[in-house]
Amino acid sequence: MEFEEEVLKQGVRESPQEGDEVYCKHISFKIVFFCTKDQNDNLIAGSQFSATKCVIGRGQINANIENALKLMKQGQRSVFKVFPNPANKKDQFYVHELEIIRYGGKANKPWQLDGQQRYVRALELKNEGNQSIKGQSYKDAQNLYSEGLKLIKSDYGEREQELQIQIRSNLSLTALKNKQYELCVEQATKVLEQNPRNIKLLHRRAVANIELGEFEQARNDLQQALHFDPNNVEIKTEIDQLVNKEKLIKKKQQDRAKKMLFGE
């Protein structure tokens with residue numbers, strides 16, 4: 001096998017070594033035949049393929065991909081051409097577009113970590129999730145927050161409780177962005193149990209409940225938020241939109257009832 005690499009985005013640090021856990025994206029893959037494809041054909045870019053994890057040297061992924069990852073750095077994005085027959089590169093080659101998000105020593109299982117280690121790891125995952133949100137990678141962020149939440153036990157202390165609240169708040173946001181409205185309501189509710197005056201979470205839970213058709217719960221949250229912040233224009237606008245939506249639904253129901261009674 002022979003590789004050719006084109007770096008699309010430079011990375012940092014050294015390349016991952018044997019035993020390192022790599023969190024990466026396999027953005028695209030092509031098998032290119034000389035008779036049907038031009039080897040300069042444009043690659044797919046900006047794919048939303050979910051990131052995946054693998055441990056170097058464990059045989060968890062395709063050997064070509066693993067060998068390519070060993071040549072890359074953290075944050076680097078590259079296109080690799082793999083030539084099964086180096087003597088005649090025009091016959092056939094494989095194209096992989098890869099990006100290393102992060103890597104490090106193989107993480108211990110949660111039950112192998114003490115309280116301090118669990119807190120530090122959960123904090124790292126929260127910060128990584130925040131970076132994913134900045135890049136609008138809401139699915140990746142949700143996975144990171146969910147992983148971090150599993151590490152935190154609120155009975156450890158005050159700082160753990162605070163971190164748990166922060167992660168739940170962020171998790172409710174990603175759930176809303178990913179249209180997982182029940183999860184958004186669930187996480188927002190757990191935060192509001194600790195801080196019932198959190199206007200952002202009241203608003204977020206209301207939006208999710210509107211999408212679920214739970215208008216009464218949404219109205220209660222919006223009115224509560226407005227009680228805490230009477231000049232909040234965004235909350236007032238949301239209430240007006242809810243009223244209009246309810247009127248529209250009521251009119252549709254009345255029209256449907258008329259058609260059932262009197263026909264078209």
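In what order do the elements of the chain run from the N terminus on? I read them off the predicted model as β-β-β-α-β-β-α-α-α-α-α-α-α, and my tally for the chain is 8 helices and 5 strands.

Chain as a whole: I looked up burial and found that, of the 264 residues, 39% count as buried. I then turned to the contacts in the chain with a separation of 6 or more, and noted that residues 24 or more positions apart account for 66% of them.

Helices H4 and H5: I took H4 as residues 158-177 and H5 as residues 181-194, and found that they pack at an angle of about 155 degrees, with their axes 8 Å apart. The crossing in which H4 passes H5 is left-handed. On the H4 side I listed Ile165, Arg168, Ser169, Leu171, Ser172, Ala175 and Leu176 as making the contact, and on the H5 side Tyr181, Leu183, Cys184, Gln187, Ala188, Lys190, Val191 and Gln194. Sorted by class, this contact of H4 with H5 has 9 nonpolar, 4 polar and 2 charged residues.

Helix H5 by itself: I checked its length, and the 14 residues of H5, at 1.5 Å a residue, should span 20 Å, which agrees with the 20 Å between its end C-alpha atoms. Which residues of H5 are buried? I noted Tyr181, Cys184, Val185, Gln187, Ala188, Val191 and Leu192. Looking for what covers these buried residues of H5, I found that the cover includes helix H3 (138-151), H4 and helix H6 (199-211).

Conventions:
Residues numbered from 1 in each chain as written. Predicted model: local features only at pLDDT ≥ 70, side-chain atom pairs only at ≥ 80, totals over all residues. Heavy atoms only, no water. Axes fitted to C-alpha atoms, helices over the stretch in contact; angles between N-to-C directions. Helix = DSSP H or I, 4+ residues; strand = E, 2+ residues; numbered from the N terminus. Left-handed = near helix turned anticlockwise from the far one by under 90°. Contact = heavy atoms within 4.5 Å. Nonpolar A, V, L, I, M, F, W, Y, C, P; charged D, E, K, R; others polar. Expected span 1.5 Å × (residues − 1). Buried < 20%, exposed > 50% of the residue type's maximum accessible area, 1.4 Å probe, protein only.
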